[in-house]
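Open the model in your viewer and keep the selection tool at hand. This tour goes stop by stop.

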Amino acid sequence: MSPAKPSTATDDFVRCLWKENPTLVQLLGLCPTLAVTNSVANCLGMGSATMFVLVGSSFLVSVVRKWVPNEVRISAFILIIATFVTVADLALAAVAPGIHKALGAFVALIVVNCIILGRAEAFASRNPVGRSVLDAIGNGIGFTWMMLVMGSIREVLGNGTWLGFRIFGENFEPWVIMILPPGGFLTLGSILLVVGAWKHRQSERLRTRDLALAQEAA
Amino acid sequence: MTGPAQGAPAAPTPPSGPTAGKLIQTLGGLGAVAGLIIVVAYTATLPRIEANKARVLAAAVDEVLGAPARYDTLYVTGDSLARTRPTDGDPASLETVYLGYRADSSIIGFAVTGADPGFSDVVRLIFGYDPRESRVLAMKVLEEKETPGLGDKIEKDTLFVAEFRNAIAPLRGVKRGKGNDSTEIDMITGVTISSRTVIRVINQTLERLGPVLAAHLQGAPQ
């Protein structure tokens, strides 16, 4: 919690699930978050591919961190990330061709997902292998569950289904806009608004409590 | 690991930092590891990816020809069809058609692929065609990036897809409900451009290949 206290391995894992969630708080990786969250299946495919690349590249970056000179570290990290993205692309095409087709160019674009280079640069290149992997898994889960929230809202409203299962009756007229690009912006904006308002109220409550405590003490 | 120019202990120490050799070594080493990982992944996934592609195509041929007992792959060479893959020419532009047979070896017709730009990207489709009656047997969209919820109805709207069953070429698109003979295809309301694209792809492909297909059947035993 406080910056003075050294972070523990558990912190590395938990931190990015909510408090420093890559999508919700750091607003990173928004390109796939907006583009491919029009169905829950796409979110699962994108989330697992990103998770795989995150964990793989964090692991390898952490392993080689002592041998990579500062001057070439970005090129080295990008090389490592691009390798894992290629592997993820091939694996997805082999295992889930339908999802691979639906994700289109966005699988290859994982290379430039800021979350991954960000974790490589800010964490994996400075921490031991085990903790880097934990941090990567935490980030991957944080990214994936936010994608799933987006995908659920958009697919349910925009198509009347969840993971392909029809959940409304025959008479439900889908809000087509929700699975079109504007729906991504609307959904993300609404989520950020609600979470922001909630956090604001939390901090207000804490502040008034602290104020009351201070007055009491005085 | 030690680079050049580190020989005698010079009095003023040169600016510290890795040498060029060390940088190249690092990136080269990582590149080799990366290459190895990619090659392993590529060779491991290639058979499955190829199998997936073949399965998708086979399922599509099966669908547009109404479950043929077997089908032959034929290659378009100029104005005739060949059973063997031609060795000359660009393999990327090589066109293939599939000739389907019933269980009693009578001919059902050809499965032909065609493509043309639609509303947002190229629409690729496959259709069954019997040149003896200029009849389209069925149509299936293989690839499209049309607007989800609108343009993609050319693939998902079962009524529209069913319009192509036993339609007589050349096809004409009309407003839904106005079609009364078998050359007229009821288009989807609000999906005019994508609907027209499907019809255009079939007409253009048949304009080009129709005579070739018909000539092949005249030469072949019925």
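How many bridges join strand 1 of chain B to strand 2 of chain B? Three, and the two strands run antiparallel. Strands here are DSSP runs (E, at least two residues), helices are runs of H or I of at least four, and both are numbered from the N terminus. Two strands pair if DSSP finds at least two bridges between them.

Before moving on, note that this is a predicted model, in which local features need pLDDT of at least 70, side-chain atom pairs count only at pLDDT 80 or more, and totals for chains, interfaces and linings use all residues. Residues are numbered from 1 along each chain as its sequence is written, while chains are lettered from A and ligands numbered from 1 in the order in which they are written.

**Stop 1: the strands of chain B**

Select B:Val76. Its bridge partner in strand 2 is B:Leu81. Now select B:Gly78, in the hairpin of strands 1 and 2 of chain B. B:Gly78 takes a positive phi near 65 degrees. Two residues lie between the strands of this hairpin.

Next, show residues 70-77 and 95-101 of chain B. These are strand 1 and strand 3, paired in the antiparallel sense over seven bridges. B:Tyr71 has B:Gly100 as its bridge partner in strand 3.

**Stop 2: where the chains meet**

Contact means C-beta atoms, placed from the backbone, within 7 Å. The contact takes 22 residues from chain A and 18 residues from chain B. On the side of chain A, helix 4 gives the most, with eleven residues.

Select helix 4 of chain A and helix 1 of chain B. Their axes (lines fitted to C-alpha atoms over the stretch in contact) lie 9 Å apart. The angle is about 5 degrees, on a scale from 0 to 180 degrees between N-to-C directions. The two helices are therefore roughly parallel (under 35 degrees). Among the residues that meet here are A:Leu79 and A:Ile80 from helix 4 of chain A, and B:Leu30 and B:Ile37 from helix 1 of chain B.

**Stop 3: the largest core**

A nonpolar core is a set of buried Ala, Val, Leu, Ile, Met, Phe, Trp, Tyr and Cys residues joined through C-beta atoms within 7 Å. Buried means 20 or more other C-beta atoms within 10 Å of a residue's own. The largest core has 42 residues. Helix 4 of chain A supplies its largest share, eleven residues.

Finish on A:Val53, one of the residues with the most contacts inside this core. A:Val53 touches residues including A:Ile81, A:Phe84 and A:Ile116.

Terms used
Buried ≥ 20, exposed ≤ 12 C-beta atoms within 10 Å, placed from the backbone. Contact = placed C-beta atoms within 7 Å. Parallel < 35°, antiparallel > 145°, perpendicular 65-115°, else oblique. Lists of a residue's contacts leave out its neighbours within four places in sequence.
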